[in-house]
Structures are given as structure tokens and as C-alpha cells.
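This report describes one protein chain for a reader who is new to structural analysis. Please keep the sequence and the model in view while reading.

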Amino acid sequence: MVIMDVATNLEKIKTDILEACQKANRNPEEITIIGVTKYVTIERTEEAIDAGITNLGENRLEGFQEKFNHFQDRANWHFIGTLQSRKVKDLIDKVDAIHSLDRISLAKEIDKRAIEPIDCFVQVNVSGEASKHGVDPKEVVSFIKDVERYPNVRIIGLMTMAPHIEDESQLREIFKNLSLLRDKVKSEQYKHAPCNYLSMGMSNDYKIAIEEGATHIRIGSKLVGRE
Ligand SMILES: *Cc1c(COP(=O)(O)O)cnc(C)c1O
């Protein structure tokens with residue numbers, strides 16, 4: 001595989017974002033690109049920052065710490081992977097958003113360790129795959145109600161991971177369902193859960209995700225490649 005420079009990849013992704021936004025009649029400024037660097041080195045991550053990426057995502061604590069320790073305030077930091085409660089204390093004062101809130105025990109731990117409200121996305125298992133983490137769509141509203149007990153947890157949106165499939169209509173359906181669920185939560189007007197955002201779309205499906213309302217796309221391989 002030819003390794004393209006990150007700037008070239010980013011140009012292509014931005015063109016795709018413009019197209020998807022035009023199609024869906026959306027403002028491209030609503031879309032935040034999170035560069036997922038879990039596959040790559042510090043050097044390659046540096047290239048992403050130099051290309052203009054200001055939001056970085058990692059899915060494991062070790063990778064998160066390695067990149068955070070190196071780049072610190074040169075980026076905003078997103079934790080996108082399954083988070084074990086005992087690891088919360090190691091990243092809570094470094095992270096700008098956690099995309100994988102999927103259980104009450106985790107909300108409780110975040111609340112306990114944080115000194116100010118932490119922006120979180122509730123991860124939802126829209127596709128129903130047994131292998132996927134996330135709250136059952138039917139339980140999202142009551143889950144969010146329960147989180148109100150934990151004032152240091154602010155729910156800014158919903159997140160999902162679509163399955164690795166090619167079927168565009170099936171992917172679209174999943175993203176559409178997350179968007180409807182977001183609208184439902186938003187309409188409840190919970191103080192602790194403004195729920196304005198949708199973290200959905202990865203390298204293979206971000207165009208469809210944007211057409212269906214994504215505000216945060218998490219792009220790894222298509223942006224920085226894999227090493
Ligand atoms: C790895 C990962 C991504 C990025 O995946 P790509 O397909 O390489 O873009 C996005 N979100 C999560 C939660 C991930 O673990």
C-alpha cells in the first residue's frame with residue numbers, strides 16, 4: 001500500500017465532507033474530524049497535527065497516554081474505546097470528551113474522579129450486534145435519566161459504531177436511528193444532557209453518516225493509514 005501524506009488524505013476527506021453536506025443541505029462547519037491515531041506512531045500523528053487536525057482520538061489507555069504525553073495541549077483529546085472503570089482516574093484530567101459511556105457504573109466513576117463536568121457521548125448499540133458495546137436503544141432515555149445523579153457527567157451526544165458491512169441502506173438505517181434517538185433525548189431538555197451531537201462515521205462510512213446528521217466523525221485508516 002502506498003502511504004499518502006496526511007495532508008493529501010485530509011484534502012480528500014474535506015472534499016467528501018463538502019459533498020455530503022451539500023447533499024444533505026448541512027453546514028460543513030458543523031462537522032468535527034477526529035483523527036484516530038491508534039494505528040500509528042508519534043511521527044505520523046505529528047504529521048496529522050501539522051496538516052491541521054486539532055482533535056485526536058485513541059481507543060486504549062496506553063495509546064492515549066503515549067500521544068497525550070507527547071502532544072499535550074496541541075490537540076483536543078477524545079477517548080473513543082471501551083473504558084474500564086479502574087482506568088478512569090488515569091485519563092479524566094486529560095480528556096476533552098469520552099465517546100464510550102455505556103453503563104451507570106462508569107458514569108459513577110467519572111463523577112467521582114472528575115473535578116468538573118466531563119463531556120460524554122452515550123455509546124448506543126444501534127445495530128444490536130452481540131460483539132458491540134453500548135446501551136440498548138430502548139434503554140437510552142432511562143439510562144440518561146439515571147445519569148442525572150452524577151453532576152460531573154455532561155451528556156453532549158450519542159455515539160455508535162456501525163458494523164463492517166458494505167450495504168449502504170443498512171448503514172444509513174443505523175445512523176438514522178441514532179439521529180432520531182438523539183432528537184428524542186434532546187426534546188426532553190435535560191439540563192445534564194443537552195445531547196446536541198452525533199459521533200458516528202468512520203473511514204468506510206463517514207459520508208453516509210454525515211448525510212444522516214453526524215457532527216463528529218472518527219477517522220483513522222483513511223486519514224493516517226495503518227502502520
Ligand atoms: C479505530 C476506531 C475508529 C477509526 O476507524 P477507521 O475505520 O480506521 O477510520 C473510529 N472509532 C472507534 C471507536 C475506533 O475504535
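Asn25 is placed in the loop between α1 (6–24) and β1 (32–36). Helices (H or I, at least four residues) and strands (E, at least two) are DSSP runs, numbered from the N terminus. The model is a predicted one, in which local features need pLDDT of at least 70 and side-chain atom pairs count only at pLDDT 80 or more, while totals for chains, interfaces and linings use all residues. Residues are numbered from 1 along each chain as its sequence is written, and side-chain values use heavy atoms, with hydrogens and water left out.

Most residues other than glycine have a negative phi. Asn25, however, has a positive phi, near 60 degrees, and Cys195 has a positive phi near 50 degrees. Cys195 lies in the loop between α7 and β7 (197–199). Are these residues buried or exposed? Asn25 is exposed, at 74% relative accessibility, whereas Cys195 is buried, with a relative accessible area of 0%. Here buried means under 20% relative accessible area, exposed over 50%, and partly exposed in between (1.4 Å probe, protein chains only).

## The chain as a whole

The protein chain contains nine helices and eight strands. Its radius of gyration is 17 Å, close to the 17 Å that the globule rule gives for 227 residues, so the chain is as compact as a globular protein of that length. This radius is taken over C-alpha atoms, and the globule rule is 2.2 Å times the number of residues to the power 0.38. Along its principal axes, the C-alpha trace spans about 50 × 40 × 30 Å.

Of the 227 residues, 52% count as buried. Among the contacts with a separation of 6 or more, 55% are between residues 24 or more positions apart; a contact means heavy atoms within 4.5 Å.

## Helix α5 and its cover

Which residues of helix α5 (residues 104–113) are buried? They are Leu106, Ala107, Glu109, Ile110 and Asp111. An α-helix has 3.6 residues a turn, so residues three or four places apart point the same way.

The cover over the buried residues of α5 includes both helices and strands: α4 (88–91), β4 (97–101), β5 (118–123), α6 (140–147) and β6 (153–159).

## Salt bridges

Side chains of opposite charge can pair when their charged atoms come close. A salt bridge is a side-chain nitrogen of Lys or Arg within 4 Å of a carboxyl oxygen of Asp or Glu, and by this rule the count comes to 19. One of them joins Asp93 and Lys94, with the closest N and O atoms 3.5 Å apart. Asp93 is exposed, at 61% relative accessible area, while Lys94 is partly exposed, at 22%. Another salt bridge is formed by Lys138 and Asp136 (3.7 Å, N to O). Lys138 is exposed, with a relative accessible area of 73%, and Asp136 is partly exposed, at 31%.

Arg172 and Glu212 also form a salt bridge, their closest N and O atoms being 2.9 Å apart. This pair links distant parts of the chain, 40 residues apart: Arg172 is in helix α7 (residues 168–187), and Glu212 is in the loop between α8 (206–211) and β8 (216–219). Both Arg172 and Glu212 are buried. Through salt bridges that share partners, Lys23, Glu168, Arg172, Glu211 and Glu212 belong to one network.
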